Amino acid sequence: MNSQHVNGLINDPKRLIGLEAVHNFRDLGGYPTVTGQTTKWRTLFRADGLYRLTPQDAQTVIDLGVQTVIDLRTQKEVQTRGTFPVKQFPVNFHHLPIIDATWNDGDTPEIEDVVEFLVWAYREMLDRASEKFVDAIKLIAAQDVLPAVFHCAAGKDRTGVLAAFILSILGVPEEIISADYGKTAEGMSRLIEWAKVKQPELAETYAKMPARFAASDPRAMAIILSDLNTKHGSVQNYLREIGVDEKIFATLRADLLN
């Protein structure tokens with residue numbers, strides 16, 4: 001598949017959901033699979049921090065048909081920032097923290113190279129949080145959950161790895177998975193520009209943050225997927241080994257593919 005075709009899929013105008021205060025809310029539909037099927041539009045979404053939604057933003061999300069919000073952030077992030085406005089808008093809300101501490105709160109090595117840092121970070125996350133990803137995948141496959149959105153703070157790392165796993169189960173080619181992950185770079189740029197006007201404190205936090213913390217270089221995701229292929233035979237085999245059974249695979253394919 002040539003890069004022009006991949007870029008066309010990633011940049012489909014239906015993919016990005018335009019919101020005022022959330023900048024990386026994206027539809028995972030419209031991607032081809034190795035079986036010749038296509039991922040369904042308006043069924044599963046990935047996003048950044050939904051605690052920032054304005055009332056109109058939240059209504060837009062509800063109007064998309066979203067029934068379930070899966071928040072992958074830490075306990076501290078939820079307590080400090082808040083969540084999707086569940087009291088005002090009718091969704092099923094699930095808090096499934098993938099990690100216990102973010103990079104800002106934990107110990108991270110001084111790796112300056114962006115790709116090298118992200119690969120280190122995702123390997124660490126998979127070593128420590130594989131069971132949490134299984135829980136999230138099982139939840140997405142549960143009855144009466146879809147349409148759903150899963151998110152973390154920037155919609156990049158925890159969200160990016162979970163999206164990669166779901167798309168791998170569905171048979172989406174890895175070059176598309178990596179490109180979908182890389183699309184977050186545009187969302188980060190929008191978030192920072194918005195924060196300069198609306199939340200200067202947040203903009204200042206990003207300005208002080210090492211650049212590698214905000215990066216989403218698609219080469220990093222490609223290396224992680226290649227890792228799993230090399231060690232386990234395929235990403236799907238890795239997921240089987242950590243506890244995602246064939247019934248879950250079949251359910252997700254039935255629910256999320258045309």
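With which residue does Arg 219 form a salt bridge, and how far apart are the closest N and O atoms?

A: Arg 219 forms a salt bridge with Asp 217, and the closest N and O atoms are 2.7 Å apart. The term salt bridge denotes a side-chain nitrogen of Lys or Arg within 4 Å of a carboxyl oxygen of Asp or Glu. This is a predicted model, in which local features need pLDDT of at least 70 and side-chain atom pairs count only at pLDDT 80 or more, while totals for chains, interfaces and linings use all residues. Residues are numbered from 1 along each chain as its sequence is written, and side-chain values use heavy atoms, with hydrogens and water left out.

Arg 219 is exposed, with a relative accessible area of 53%, whereas Asp 217 counts as buried at 18%. Here buried means under 20% relative accessible area, exposed means over 50%, and partly exposed lies in between (1.4 Å probe, protein chains only).

By the rule above, the count comes to 15 salt bridges. Among them is the pair of Asp 227 and Arg 123, with an N to O distance of 2.7 Å. This pair links distant parts of the chain, 104 residues apart: Asp 227 belongs to helix α9 (residues 218-232) and Arg 123 to helix α4 (residues 114-140). Helices (H or I, at least four residues) and strands (E, at least two) are DSSP runs, numbered from the N terminus. Asp 227 is buried at 15% relative accessible area, while Arg 123 is partly exposed at 39%.

A salt bridge also joins the side chains of Lys 183 and Glu 186, at 2.9 Å from N to O. Lys 183 is buried, with a relative accessible area of 10%; Glu 186 is partly exposed, at 36%. Arg 26, Arg 46 and Asp 180 are linked in a network of salt bridges. Thr 184, in helix α7 (residues 184-198), touches several residues, including Arg 26 and Arg 46; such contact means heavy atoms within 4.5 Å. Thr 184 is buried, with a relative accessible area of 0%.

Asp 27 is buried, at 0% relative accessible area. A polar contact of 2.7 Å joins its side chain to that of Arg 42. A polar contact is a pair of N or O atoms within 3.5 Å; within protein, one must be able to donate a hydrogen and the other to accept it, and residues adjacent in sequence count only if both atoms are side-chain atoms. A polar atom of the Asp 27 side chain also lies 2.8 Å from the backbone nitrogen of Gly 29.

Definitions and conventions: Lists of a residue's contacts leave out its neighbours within four places in sequence.
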